[in-house]
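Here's a quick tour of a few local features worth a look. Have the structure open as you read.

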Amino acid sequence: MEKVNFRTKILSRHLNQENPTSNNSILQSFPCLSYNPPEFSEPSSVFDIKEMRKLMDGHNLQERDWLFGLMLQSNLFNPKIRGGKVFVQPDYNQSKEQQREITMRRIGYLMQNGVFERWLTGKGPEDELRKLALLDVVGIFDHSLAIKIGVHFFLWGGAIKFFGTQRHHDKWLRDTENYVVKGCFAMTELGHGSNVRGIETVTTYDSSTGEFVINTPCESAQKYWIGGAANHATHTVVFSQLHIDGKNQGVHAFITQIRDENGNICPNIRIADCGHKIGLNGVDNGRIWFDNVRVPRENLLNSVADVSPDGKYLTAIKDPDQRFAAFMAPLTSGRVTIAVSATYSAKIGLATALRYSLTRRAFSVTPNGPEVLILDYPSHQRRLLPLLAKTYAMSFASNYLKKIYVKRTPEMNKVIHVISSAFKATASWHNMRTLQECREACGGQGLKTENRVGQLKGEFDVQSTFEGDNNVLMQQVSKALLGEYVTAKRSKKPFKGLGLEHMNNSCPVVPSQLTSSAMRQSQFQNDIFCLRERDLLERFAAEVSLCQSQGKSKEYAFTLNYQLAEDLGRAFSDRAVLHTFLEAEATVTSGPLKDILGLVRSMYVLVTLEEDVAFLRYGYLSTDNAAAVRKEVANLCSELRPHALSLVSSFGIPDAFLGPIAFNWVEANVWSSEQN
């Protein structure tokens with residue numbers, strides 16, 4: 001009652017504009033700053049927000065909205081009222097043990113409500129797109145929940161599906177889909193992460209019993225960061241060097257039980273917790289050691305290679321490099337889902353920061369004048385609107401990546417590997433930069449966990465290194481491009497694939513003096529991105545060739561030219577992203593929608609020209625043209641400013657999945673809200 005009386009007195013004074021009667025008054029009688037929803041003050045959208053959302057999400061909108069609603073119906077998703085609105089988000093103040101337990105309870109709720117139906121037993125692109133759409137929604141709520149589900153379905157389940165054969169599918173997929181089996185994925189070791197080929201776990205075959213024997217020969221061979229291992233997983237796929245008759249046949253994968261049905265750790269297996277992390281504490285990352293662990297011969301995932309009952313190694317792929325590549329090819333799903341989830345994380349940050357900037361005021365530009373909305377300051381526009389444009393570009397890129405992934409064929413493996421590597425690195429780097437800028441743009445409110453932006457930084461930081469360190473992935477992209485270049489030159493055939501067909505044309509020419517009109521033309525934008533990629537590929541090939549002519553190995557030549565490799569990887573990714581943007585734009589018939597997409601695309605391209613020093617370093621832009629680009633970015637900021645609310649509303653993220661700061665941040669912080 002004391003709080004109620006206290007609040008009543010404050011409201012009474014506020015409404016009646018009474019002067020305080022003593023110096024002991026807790027609140028003065030000045031009227032509170034008023035919150036005006038931006039929907040009431042911002043210009044009406046000139047384009048169809050629903051149509052833009054269809055373009056952004058790309059597929060399965062009804063299923064997405066169904067899952068959003070399903071989560072809002074359950075107290076498991078931690079609903080809280082702030083400022084008269086309901087918000088759902090994990091309670092990150094819980095201990096890691098509590099976060100892990102609630103994550104599993106949420107998985108149980110989703111399973112009981114049919115979310116995971118046909119995630120592994122379904123057939124065709126439609127089932128895969130539904131699965132990816134629902135994973136998008138789960139990740140918007142909580143990265144830990146998405147990763148926990150992803151490890152089980154995409155890594156463990158994906159390994160069974162793609163590395164295994166019919167006998168494995170029949171035995172494991174249905175039970176995995178129903179969570180009778182809880183799987184994890186034991187690839188990374190203490191001593192080896194990106195270099196999978198160098199892992200140290202060893203497996204031998206005992207023909208007298210028809211069993212494989214798995215061993216952790218040293219401490220650096222312990223499996224490390226294995227999501228699900230610390231508490232919940234019953235089985236794992238172990239990646240190990242396979243030794244047959246004293247010969248190492250390379251990395252292979254084995255199904256291994258690590259806990260019984262009662263949750264007890266199996267004999268000859270040791271498991272330890274990886275401990276508290278800077279984020280993702282709802283995932284029980286663990287470490288695993290194997291001490292003469294025996295598994296049946298049938299537990300070898302044998303789509304690429306097999307071992308006969310009498311111990312003969314059998315494979316149709318004789319070349320060890322090609323065999324290893326075949327093992328790695330199915331693992332692109334992780335990079336696909338990371339690229340997509342990083343993009344949605346950036347959307348949450350931008351929707352929150354931009355909505356806040358459309359209602360928060362600071363300073364006056366005239367004496368005694370009203371305070372100004374912070375998004376009306378050109379400097380604030382410059383902080384957030386280019387990142388908004390890049391997020392749109394990343395969204396189209398991730399949709400394209402999903403499309404080629406679900407329609408993949410064996411012939412597409414290389415293309416998907418290269419594009420997923422490039423987009424995963426680009427999107428996750430972009431996400432971290434976006435979240436940092438959004439955190440700062442929200443000031444002190446950005447530090448509050450409930451406002452999501454600051455917390456997302458810790459939750460998503462891991463994306464820069466897991467499923468491949470971003471820098472290593474970019475080097476792989478450059479090596480693949482070099483391979484295409486060398487093949488085309490030696491065979492004297494045109495370039496085909498990876499979007500390199502532009503290399504068959506004459507070299508683009510950049511105007512000596514750029515105008516505003518020229519910079520906004522898609523032809524110029526495509527030309528300058530292609531020019532950069534083309535020139536860097538030729539430079540990289542020349543430098544590697546020079547090193548080799550001096551007696552250095554090809555691998556060492558790559559290492560010495562890492563800076564060119566990094567520049568080339570970014571050039572490839574930026575050009576590929578632009579092409580996905582242009583493809584999405586080409587599907588639009590509405591004039592207003594096409595117009596706004598043209599502005600967003602121009603912002604994406606020009607801010608890339610401004611920020612990547614390669615354009616100046618290698619002479620693709622003169623200093624005068626670089627100055628013109630910078631000025632044009634500022635112009636685009638002012639032109640996009642009236643559309644900011646419509647552009648973030650098009651993300652399609654329900655209000656409840658943002659933070660309170662995105663809405664009535666005054667009411668969300670009143671005294672009475674402290675009782676919630």
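## Helix 7

Helix 7 is mostly covered, with 19 of its 21 residues buried (buried means under 20% relative accessible area, exposed over 50%, partly exposed in between, using a 1.4 Å probe and protein chains only). Helices here are DSSP runs of H or I with at least four residues, strands are E runs of at least two, and both are numbered from the N terminus.

This is a predicted model, where local features need pLDDT of at least 70 and side-chain atom pairs count only at pLDDT 80 or more, while totals for chains, interfaces and linings use all residues. Residues are numbered from 1 along each chain as its sequence is written, and side-chain values use heavy atoms, with hydrogens and water left out.

Helix 7 spans residues 143–163 and isn't straight: there's a bend of about 35 degrees at Gly 150 (the angle between axes fitted to the seven residues ending there and the seven starting there). At the helix 7 start, Asp 142 puts a side-chain oxygen within 3.2 Å of the backbone nitrogen of Ser 144.

## Helix 3 against helix 11

Helix 3 (residues 49–57) and helix 11 (residues 378–406) have axes that come within 8 Å and cross at roughly 55 degrees. The axes are lines fitted to C-alpha atoms, for helices over the stretch in contact, with angles running from 0 to 180 degrees between N-to-C directions.

On the helix 3 side, the contact (heavy atoms within 4.5 Å) is made by Met 52, Leu 55, Met 56 and Asp 57. Helix 11 brings Tyr 392, Ser 395, Phe 396, Asn 399 and Lys 402.

## Loops with a twist

Most residues other than glycine have a negative phi. Asn 60 isn't a glycine, yet has a positive phi of about 55 degrees; find Asn 60 in the loop between helix 3 and helix 4 (61–72).

Arg 452 isn't a glycine either, and has a positive phi of about 80 degrees. Arg 452 sits in the loop between helix 12 (413–441) and helix 13 (453–460), and counts as buried because its relative accessibility is 3%.

## Asn 561

Asn 561 lies in the loop between helix 17 (554–560) and helix 18 (562–586). With a relative accessible area of 10%, Asn 561 is buried.

What does Asn 561 touch, not counting residues up to four places away in sequence? Phe 540, Glu 543, Val 544 and Cys 547. The Asn 561 side chain also reaches the backbone oxygen of Ala 557 at 2.9 Å.

How values were computed: A polar contact is a pair of N or O atoms within 3.5 Å; within protein, one must be able to donate a hydrogen and the other to accept it, and residues adjacent in sequence count only if both atoms are side-chain atoms.
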